[in-house]
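Take a look at the sequence and the structure below.

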Amino acid sequence: MKYGVLIIFLFCSFAGLFAQNTEDEIIIEMTGDTAQSAPRPHLLWDYSAPQLTKQWKSKTREELLYTMPIVSDKDRIVSGPKAEYALVEYTDGNDFRKFLFKAETPQTFITAAATAADVLAVNKKYQLNIGLTQTAFENFYGEKATPAHADILENEEILYELSYTDINTPHGQKNWFLFENGKLTQTFYTQQQKDEFIEKRKQTRASLEAQKQQTQLPAQPLNPTRGNTPQKALLYGGTASDQAYMPHVLNPNPKLMQGASSSGK
């Protein structure tokens, strides 16, 4: 009986100790980063260019500006060789959405762009430059675009060569895209266009080098000495014509005077 009581006592003691230890150890706190990324202000950023084009078909620039709960980052007129267009842009970090409208009232919607490829397609179709950053271009095309002719470009310029395709260009064609200070400034759609640009740059570079070398030449003296041809001057005597027109020696050396007198005898 005593052994039974002892076993029960020991069991209760261990059970209490285990419960105490367990109670101390099961307190677990899980903490995370309290700074959460801000939610997108609008579902605009979830739509692709084809989806936006479908949504805004036949609508106007005014409807877009009034419907969007966010303010546009740019609202401007862009010009092409044949027409002008109204361009509305929204940006969020590296993301962008561009909406192209007719410039004349009622400024109806034409197309949208949500990626670098969309921008290049709009540029080519409408002969425009609606704006593209070098970062967006590089992020989209990666190693498909290769730098070219770096030797004749300025420090803040880069010319990319790309086998370009879009919905209207199903077969790859070599195009070249010039970025200056991180922004697209020129696009060359043919080899001839690119070669003409490169030739002009080479001529400009050669002209600048020639000017630089010219400025490095030693300065010429202001009063260069004349040649070694002897110059005659009247020292003494001479005809009336000599005395009238020939230069005279002022303060001549007396010895020269004596030599001239002796030779005149």
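How many bridges join S5 to strand S6, and in which sense do the two run? There are 3 bridges, and S5 and S6 run antiparallel. Keep in mind that this is a predicted model.

**The sheet as a whole**
- The sheet is open and is formed by 4 strands.
- Their order is S5-S6-S7-S8, and the pairing is antiparallel.
- Strand S5 (146-148) and S8 are at the edges.
- Each of these two has a single partner strand, so one side of each lacks a neighbour in the sheet.
- From one strand to the next, the twist averages 40°.

**Strands S5 and S6**
- Strand S6 covers residues 157-166.
- Find Pro-147: opposite this residue stands Tyr-160, in S6.

**Strands S7 and S8**
- Strand S7 spans residues 169-180, and strand S8 spans residues 183-188.
- The two pair over 5 bridges, in the antiparallel sense.
- Lys-183 in S8 has Glu-180 standing opposite.
- S7 and S8 make a hairpin, with 2 residues between the strands.
- In this hairpin, Asn-181 takes a positive phi near 50°.

**Helices across the sheet**
- Helix H5 (residues 134-141) lies across S6 and S7.
- H5 runs at about 45° to S6.

Notes
Residues numbered from 1 in each chain as written. Predicted model: local features only at pLDDT ≥ 70, side-chain atom pairs only at ≥ 80, totals over all residues. Heavy atoms only, no water. Pairing = 2+ DSSP bridges. Axes fitted to C-alpha atoms, helices over the stretch in contact; angles between N-to-C directions. Contact = heavy atoms within 4.5 Å.
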